[in-house]
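Biologist: I am new to this structure and would like to go through it slowly. Could we look at it together, one question at a time?

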Amino acid sequence: MIDPSLAPEPWLTVDDLWTMATAVLASVACGLVGCWLVLRRLSLLGDAISHAVLPGIAGAFLLTGTRDVLPMLAGATVIGVATAFISSALGRWGRVDRDAAMGVTFTSLFALGVVMMSLAARQVDLDPGCVLYGLLEFVPFDTVELLGMPVPRAAAWLGAVLVIDVVLMLAFFKELRATSFDSAHAASLGIRVGVVHLGLMAAVAANTVVAFESVGSILVVAMLVAPGATARLWTDRLVPMLWLASGIASATAIVGYLAALELNTSAAGMIATISMVGYVGSVGAVVTIGATRRSSRVGRPSLSEPLP
Amino acid sequence: MQEALAFHGVSVAYRDELVLERIDARIPAASMCAIAGPNGAGKSTLIKAALGLVPLAAGSVTVLGGTMAQRRGDVGYVPQRESVDWEFPISALAVVLMGSYGRLGLFRQPGRTDRAQAMDCLEQVGLAALAERQISQLSGGQQQRVFLARALMQRARLYLMDEPFAGVDAVTEEAIMNVLGALRQRGCTIVAVHHDLAAVRESFDHVLLLNKRLVAAGPVAAAFTFDALQQTYGGRAAMMPGAASDPASGH
């Protein structure tokens, strides 16, 4: 008879796989939405919104006294859209730069959120630290019953958000693309530029809130920007960029989680580090490839030379 | 035939400052009308006011006998080339396809016929060979022609263009003029902001001279006078080739 205790411990447990799946879902959802922020040169606004949703989350805690996702989602989405609205209103009427308006809006909302958080922490079990860093390692312990099997609650929510993101992106692809490239022309066609913008901001806020609990708000920022920015380095086409960003987001989450497991360190922190390594490495690779191509082309007519 | 575009006492303000004051002007159908004036005269703003892209502080605009909202499908817009991010990951063909977005409406993507049509529009501006090229790899003139092709894709009756000739090469200028001529033959109206006064005199039949207020408007022969130019540009008009070459025109 073989003693079961002598069997080799599997490298990855089911819990590990679920945690990894959750990280992948969060990464891909944020990465896809983030592509549009990168394209609109609004990466900072993603940062702003993901911080500014804090008072919305804390407000939802204070009002309902629970950690249910739905009230948090509602509170954060409202605040997220308000952030986009306030920063553009300040920029328009406050006679300040867009950057300054954004900076003022999100730091003050974030500060308000921290104050509300510490107030809320007296009433419900809420740790401001876990909002910032997330609790990816605890994901498997909070499950819901789905199709007859226990699924981590975070994975179920993130999966739903990802599906909604993809459906909305497919339905409004034209509008997103036209308003991102040339908003004045899009408006002249009758496309509601402002509605598309607020819709995107609401999506950023919703993604942030659902992802923040598992991966933390700091990692959300990395996940919003890094996959899109990295993918953009490798392709000049929009649809390949979206696919590539999804792939990069998944790979980053998997590699980051495995590395964290191996080094016994924070998974969220490791994933953020890996995404940064991926971006910096890509910049280096693209610059090197570009330089090699240019030097090998010396003396020959360039293919990319503009025709008359 | 009625006018293609009419401004009725249009004023536009940015914050508290009026950038356009009580503009009254009529642009006849099937004409080629240039909008000229110094920097900051409100030329781009006038185009945007016609399109409903900036709120009017006073007055109204009639587009092809209706409101802009009613006639949107009949109006093509060519914004300034500098107004967009040319690093955006998109091909020339995909930019042109955006001209079909208005008539496609919600939830429908361009199909094979739209694609063939977009290729045809690129052909008209001489860029069919570069259809798949990423837009940052095009020259400034080619980018301008891509914008024109996108407007052609809209199959409009009225084209509003913001500096379509700014910083373009001779080939592009000729290509654009040919397309505009062909459009006009078909009865379309062209309104273009233009800096080159000599070219306005040569190629356009109508002109609006603008410096926050409307200084002069009408057929080039009547409105494009030395006096009007001097009033529009101040003393600098003497340096303008179109005016200085023939100071007595119109008198």
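Biologist: How many helices and strands does chain A have, and in what pattern do they follow along the sequence?

Modeller: This is a predicted model, in which local features need pLDDT of at least 70 and side-chain atom pairs count only at pLDDT 80 or more, while totals for chains, interfaces and linings use all residues. Residues are numbered from 1 along each chain as its sequence is written, and chains are lettered from A and ligands numbered from 1 in the order in which they are written. Helices (H or I, at least four residues) and strands (E, at least two) are DSSP runs, numbered from the N terminus. Chain A has eleven helices and two strands, and read along the sequence its pattern is α-α-α-α-α-β-β-α-α-α-α-α-α.

Biologist: Is Gly234(B) buried or exposed?

Modeller: Gly234(B) lies in the loop between α10 (226–233) and α11 (241–244) of chain B. A residue is buried if 20 or more other C-beta atoms, placed from the backbone, lie within 10 Å of its own, exposed if 12 or fewer, and partly exposed in between. Because Gly234(B) has 11 C-beta neighbours inside 10 Å, it counts as exposed.

Biologist: How many residues of helix α1 of chain B are buried?

Modeller: Helix α1 of chain B covers residues 43–51 and is largely enclosed by the rest of the structure. Among its buried residues are Lys43(B), Leu46(B) and Ile47(B), and just after α1(B), Gly52(B) takes a positive phi of about 75 degrees. The buried count for α1(B) is nine of the nine.

Biologist: How many residues of chain B are in contact with chain A?

Modeller: Two residues are in contact if their C-beta atoms, placed from the backbone, lie within 7 Å. The largest share of the side of chain B that touches chain A, three residues, comes from helix α4 (residues 101–104) of chain B. Facing 24 residues of chain A, the residues of chain B in contact number 23.
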